[in-house]
There are 2 protein chains.
Amino acid sequence: MLPQPIRDYLLARREEHLAALKEFLSIPSLVNDAPGSAAAARQASDWLAGRLASLGLDSAVLETPGRPVVLALSRPIPGRPTLMIYGHYDVQPSEPLERWTSPPFRPQVRDGCVYARGACDDKGQLFAHLMAVEAWQRAGGGLPLNVKFFIEGQEEIGSPGMESFMADHKDELAADAVVISDSEFFADGVPSITYALRGLVLVELTVTGPAHDVHSGIHGGAVSNPVNVLAEMIAGLHDADGRVTIPGFYDDVLNLSDQERREWQALPFDPAAYAASLGVAELGGGERGLAALERRWSRPTLDCNGIIGGYTGPGGKTIIPSRASAKVSMRLVANQNPDKVIEGIASYVRQHQRPGTVAEFAVLSKSRPVLLDRHSFAMASAAAAMEEAFGRRPVMIRCGASVPVTEIFQRIFGMDAVLMGLGLPDDNPHAPNERFRLEHLWRGSEASAALMGNLSAEKVASRLA
Amino acid sequence: MLPQPIRDYLLARREEHLAALKEFLSIPSLVNDAPGSAAAARQASDWLAGRLASLGLDSAVLETPGRPVVLALSRPIPGRPTLMIYGHYDVQPSEPLERWTSPPFRPQVRDGCVYARGACDDKGQLFAHLMAVEAWQRAGGGLPLNVKFFIEGQEEIGSPGMESFMADHKDELAADAVVISDSEFFADGVPSITYALRGLVLVELTVTGPAHDVHSGIHGGAVSNPVNVLAEMIAGLHDADGRVTIPGFYDDVLNLSDQERREWQALPFDPAAYAASLGVAELGGGERGLAALERRWSRPTLDCNGIIGGYTGPGGKTIIPSRASAKVSMRLVANQNPDKVIEGIASYVRQHQRPGTVAEFAVLSKSRPVLLDRHSFAMASAAAAMEEAFGRRPVMIRCGASVPVTEIFQRIFGMDAVLMGLGLPDDNPHAPNERFRLEHLWRGSEASAALMGNLSAEKVASRLA
């Protein structure tokens, strides 16, 4: 049970905490090439390091080849377990700007929510943990366990280079468990803990044909067309049942357990409402005959993210294009290995060469899937904390997306990871009018504080002790 | 036989004619939106009308909704047949400019060729006919038949609105035969008459899915992907034998006669050299098991001219795109009907709807194929004229491209058409360093003059007499 003084402290400081969060949200810490974004990343890092220092943590802004990383360590308490709190200060681009009701970097409170780019993803969720540390320090007699913050600035572009950064800072980053709040409730009123994420392989397929675009009338019929060849390659990546045809693709896929399938069937999921939220008449994609949640969460999928080739301006131009390319992402599930999938792609591309064209592929990104232990002490501690804060036992869900560092914490550091998402499905991360419900900020900080309390009971078992 | 005074006249005036052609080639009569291109079209029209008037023709520049048309009629000679000469003064864009050895609108003579945009396509070929008229008028005792020039300025964009212009000017344009010099020899040293052109249907296929791009991780497997659906639609347009699967597509296709097949087999065609000229390792495309010339000339084909959808910038972006589209051109052969092909496409698109996406198509352009009578008097007259001028009996060939007005002359006016191409396959029309060989200008003007002489013998048969 969360000590009453901590609850009282958080309740009393709401106005002050909201003001601080709005300050943090005002920093346009984009991770793209927008003018001033590097300076804003520095400003956000400094803001975080300063605030963490004011809470009594030993804080530092560390340089990386990309955006700075903020590391902060609480004063060591021997014999107590160590909780790592991971978050990111970088935010998605704001475009299209005209669809925002209030400007993305001028936070505004409306309808019980704070609206700003990054409100939910991830500044608001991250800030809830800072509030919890503050409450323990100021009203709880000090932190009940060791806390480390690890906050990066490149999550939205796939955390490039983060694995080697983490390997280089293995000692500073060592912890018993890591909590990541960068996900969401399954539905409003349904607190959720995410125990699996999909991995990713992202490739670019390129087909080249004639040395330059040629006349489709004069040469049509005698020259292989790179766009047509690419379309055949993409179409061939799925069979009639919607299964991916890359050799060996399903070899290592873990089947869904009956228990999980039953749990998912019990979730309040309405396919028609979900389809409507995406603006489609009905659901589609994935493997035929499987439920939508199963397709999103426990099965690997393949999607074209983009395609381009030839003439794409107004009207027509009767050419056979010289070249066409497509970006194709595959989402992987436990226990698939990205490198093995990439070998399969190489074999697929070899098999689909056509006379007079050359098909090639390049790997743009890869990350491993992650399936967390649903029965770890950290997971149980988080579930109890969520129940205490939100008044309802969380459901255990998976997520189809990837958070690359999660798998790194698990694989390199052997940490128990907990994905304790505080957002809501309609918080619009990555979209205009991103928001974070204030009620989730308040209760989220209580959940974080409760998690710290619950985990501190594990002191005997600490692997770092 | 061409009267000797005409030969002598053309020989004596070469320098003067080349200077005049260079003047014509200096006018940047582009048909696009480039600054000054409308004024240049006017300048080219005026230049032509002035030159034709100086040859004793009744000339006029007629307005159209697009670029002006030049009409010129010789003084009527009752009882003589009428030859229409069609050409176009508009030229292709010059980009990429840096690949030109001399600037596109500053004609330069090198290696026995005049280099300029439009040198071959179509100013040089058209000018050969003006030279022939001049020679008859000044040295042949006057034209031996009635001549009409019909010169447009929008051929390079598919002659939009030309059918209705021609229908509105049916009387002025009436003629017994039309000669079009806007094509090329089969090979250097192989004079050629083209007796068939393919028609065209150009459509844009569009597939729309979610209301906006959505996260490929969170939603992948539950949402049909418009790029994947479009790729499947495009791939499905050909079967394993390379045949187009549009319902009814081949129903009306005229089979190639054994005689034509034998003739084509006798042509000096080297598939490896042709492939090398396009920069491909080997030929491909079209229907399996047919010879390359047959695939290009006598079989309908389907090619994607361009495709676009989703994220196409650097790196990756893991989305399921909201929309994807492709431009697809079909080349039709006699006796296919573009409208029937379009009905087949509508049926194909209906059959390929997928859950959660909407596939649509729009027709961007259409023109009918044309198969000319190889045994018409006009064709025989042109063959004899080419033989006389170039010293070798022309081969009869087809061309895979389209010249929309050809079919209109045939269908609306009932004219015998002759495609007497004077260019060479390496003249680079539509490409940098376009050129026209001076020897082809001199001999081309003789061929035109000889054609006029030969056709004048048909006086008794003139349909307009």
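A crossing of two helices is called left-handed if the near helix is turned anticlockwise from the far one by less than a right angle, and right-handed if it is turned clockwise. Helices here are DSSP runs of H or I with at least four residues, strands are runs of E with at least two, and both are numbered from the N terminus. By that rule, α2(B) passes α4(B) in a right-handed crossing.

A word on the ground rules. The model is predicted, so local features need pLDDT of at least 70 and side-chain atom pairs count only at pLDDT 80 or more, while totals for chains, interfaces and linings use all residues. Residues are numbered from 1 along each chain as its sequence is written, chains are lettered from A and ligands numbered from 1 in the order in which they are written, and side-chain values use heavy atoms, with hydrogens and water left out.

Back to the helices of chain B. Two packed helices are described by the angle between their axes and the distance between the axes. Axes are lines fitted to C-alpha atoms, for helices over the stretch in contact, and the angles run from 0 to 180 degrees between N-to-C directions. Helix α2 (residues 14-25) and helix α4 (residues 123-139) of chain B pack at about 140°, and their axes are 11 Å apart. That angle makes α2(B) oblique to α4(B); the label covers what is left once angles under 35 degrees are called roughly parallel, over 145 roughly antiparallel and 65 to 115 roughly perpendicular. On the α2(B) side, the contact (heavy atoms within 4.5 Å) is made by Glu16(B), His17(B), Ala20(B), Leu21(B), Phe24(B) and Leu25(B). Lys123(B), Gly124(B), Leu126(B), Phe127(B), Met131(B) and Glu134(B) are the α4(B) side of it. Sorted by class, the residues of this contact are seven nonpolar, two polar and three charged. Here Ala, Val, Leu, Ile, Met, Phe, Trp, Tyr, Cys and Pro count as nonpolar, Asp, Glu, Lys and Arg as charged, and the others, Gly among them, as polar.

Helix α1 (residues 4-12) of chain B also meets α4(B): their axes come within 9 Å and cross at roughly 120°. These two helices are therefore oblique to each other, and α1(B) passes α4(B) in a right-handed crossing. Pro5(B), Ile6(B), Tyr9(B) and Leu10(B) of α1(B) meet Met131(B), Glu134(B), Ala135(B), Trp136(B), Arg138(B) and Ala139(B) of α4(B). This contact has eight nonpolar, no polar and two charged residues. Met131(B) and Glu134(B) turn up in the contact with α2(B) and again in the one with α1(B).

Over in chain A, helix α13 (residues 404-413) is largely enclosed by the rest of the structure, because seven of its ten residues are buried. Buried means under 20% relative accessible area, exposed means over 50%, and partly exposed is in between (1.4 Å probe, protein chains only). The buried ones are Pro404(A), Val405(A), Thr406(A), Glu407(A), Ile408(A), Phe409(A) and Phe413(A). Just after the helix, Gly414(A) takes a positive phi of about 65°.

Ser192(A) lies in strand β8 (residues 192-197) of chain A and is buried, at a relative accessible area of 0%. A polar atom of its side chain lies 2.7 Å from the backbone nitrogen of Phe186(A), and the side chain of Ser192(A) also reaches the backbone oxygen of Val190(A) at 2.7 Å.

Pro321(B) sits in the loop between β12 (319-320) and β13 (323-332) of chain B, and at 0% relative accessibility it counts as buried. Its C-alpha atom is separated by 7.5 Å from that of Pro210(B), 111 residues apart along the chain. Not counting residues up to four places away in sequence, Pro321(B) touches residues of chain A, among them Cys304(A) and Asn305(A), as well as residues of chain B such as Asp213(B) and Gly310(B).

Finally, the backbone. The peptide bond from Glu95(A) to Pro96(A) is cis, with omega near 0°, and Pro96(A) is in the loop between β3 (82-88) and β4 (108-110) of chain A. Another cis peptide bond joins Asp121(A) and Asp122(A), with omega about 10°; Asp122(A) belongs to helix α4 (residues 119-139) of chain A. Asn433(A) is not a glycine, yet it has a positive phi of about 60°.

Methods:
Polar contact = N/O pair within 3.5 Å; in protein donor to acceptor, adjacent residues only side chain to side chain.
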